[in-house]
Amino acid sequence: MINIKNIVRPNIIELQPYSSARDEFNSKDGIFLDANENPFGSLNRYPDPYQKELKQELANKKEVDTNAIFVGNGSDEVIDLAFRIFCRPGIDKALTFSPTYGMYDVSASINNIALLKIPLNKDFQFDMNMVSPYLNDKSIKLIFICSPNNPSGNLMDKSDIEFILNNFNGIVIIDEAYIDFAEKESLINLISKYNNLVISQTFSKAWGLAAARVGIAYANKEIISFYNKVKPPYNVSELSQKAAIKALKNYSSYQENLKIILKEKKQLKNNLLELDLVKKIYPSDANFLLIEVDNADKIYTFLVSKQIITRNRNKQVSNCIRISVGTSEENQKLITALKNIL
Ligand SMILES: *Cc1c(COP(=O)(O)O)cnc(C)c1O
């Protein structure tokens, strides 16, 4: 067991959190004259600051305690709050791997935290000889592991992740934004074994709610209590909470869409492999494919001219383009365009 309080910024330990009207009186019944709300309208009341109904649905689905759940304004908030809870600006550091999701870097910079980046190997897995020495560095408070990794698409090796968890005394955040598409299970069960582990998931990808901005952190209740202390009081809107609850209750439609996306992904991969300009398709446990082509800049620009927008990752992975799996029709249009490239 790690002493979490030793990792938390001293000013956050001392922080007196904002006490909202709904913190001070929490019941659905009564005449509410306490929050300076407008008595008229349908969105006139502040939302539940702790998203209790949504957390109950998530708790049932994921088989975790409601107090092991934080709901954020997208995963972006889960990431940003981690820096604000654990890293002293200009002093502490964080660590991640490259190539990976760009928000860790941006969020670190905003918070004035140095982010160290260890290159992944050619299969986009950890090079543990490079990683190990950093695990004893006391100035590193956070490690971000993206699994499945964006932009490569692969799951990270589970035994390497457990090695990191067993040998690092800071906080480990595993970003599982794409886990619903993966062949292997989430590592969410490990939160009861490692009290320094945060599992981050989102409604933005497999749940189809990117516009609602709902991200989730699962962790030991002590870490969650610090998230609750630091978050803006009403960080997830009523509309977004309702949208997420509705999606969870409509599980069969989530499953159907997931099945279609995975089937389309297989089809897209087969069609891409038949094209001479595709040199390689990296194995993917996500809803996108990273493909290596002969000239990424040229192909990206050509596709834009055909109003097909992919993500040019040439700067991160030489001559690679990341393609999200679309509808059957969208994917077919992409393939047709690529067949007609000059
Ligand atoms: C898309 C994505 C997210 C989702 O972020 P939200 O803020 O929840 O929309 C998180 N992590 C990674 C690696 C992603 O690619």
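On a 1 Å grid over the protein atoms alone, a cavity is a set of points where a 1.4 Å probe fits but cannot get out, and a residue lines it if it has an atom within 4 Å of a point. A pocket, by contrast, is an open set with protein on both sides within 12 Å along at least five of seven lines. Welcome to a tour of the spaces in this structure, which is a predicted model: local features need pLDDT of at least 70, side-chain atom pairs count only at pLDDT 80 or more, and totals for chains, interfaces and linings use all residues. Residues are numbered from 1 along each chain as its sequence is written, and side-chain values use heavy atoms, with hydrogens and water left out.

**The largest pocket**

- The volume of the largest pocket is about 710 Å³, a volume being the space filled by probe spheres set on grid points that are joined across faces, edges and corners.
- Its lining counts 25 residues, and Lys 28, Tyr 46, Pro 47, Asp 48 and Glu 238 are the closest to the pocket's centre.
- Two or more lining residues come from each of α2 (21–24), α3 (52–62) and α9 (238–249); helices (H or I, at least four residues) and strands (E, at least two) are DSSP runs, numbered from the N terminus.
- The biggest share comes from α9, with four residues.
- By class, this lining has ten charged, eight nonpolar and seven polar residues; Ala, Val, Leu, Ile, Met, Phe, Trp, Tyr, Cys and Pro count as nonpolar, Asp, Glu, Lys and Arg as charged, and the others, Gly among them, as polar.

**The largest cavity**

- Searching the whole structure turns up two cavities of 30 Å³ or more, and the largest has a volume of about 60 Å³.
- Among the residues lining the largest cavity are Leu 58, Lys 61, Lys 62, Asp 180, Trp 207 and Leu 248.
- At least two lining residues come from each of α3, β6 (197–202) and β7 (215–219), and α3 gives the most, with three.
- Six nonpolar, two polar and three charged residues make up this lining.

**The second largest cavity**

- The second largest cavity has a volume of about 40 Å³.
- Its lining includes Thr 96, Phe 97, Leu 120, Phe 126, Ile 145, Cys 146 and Met 156.
- The strands β2 (93–98) and β4 (140–146) are the elements giving two or more residues to this lining, and β4 gives the most, with three.
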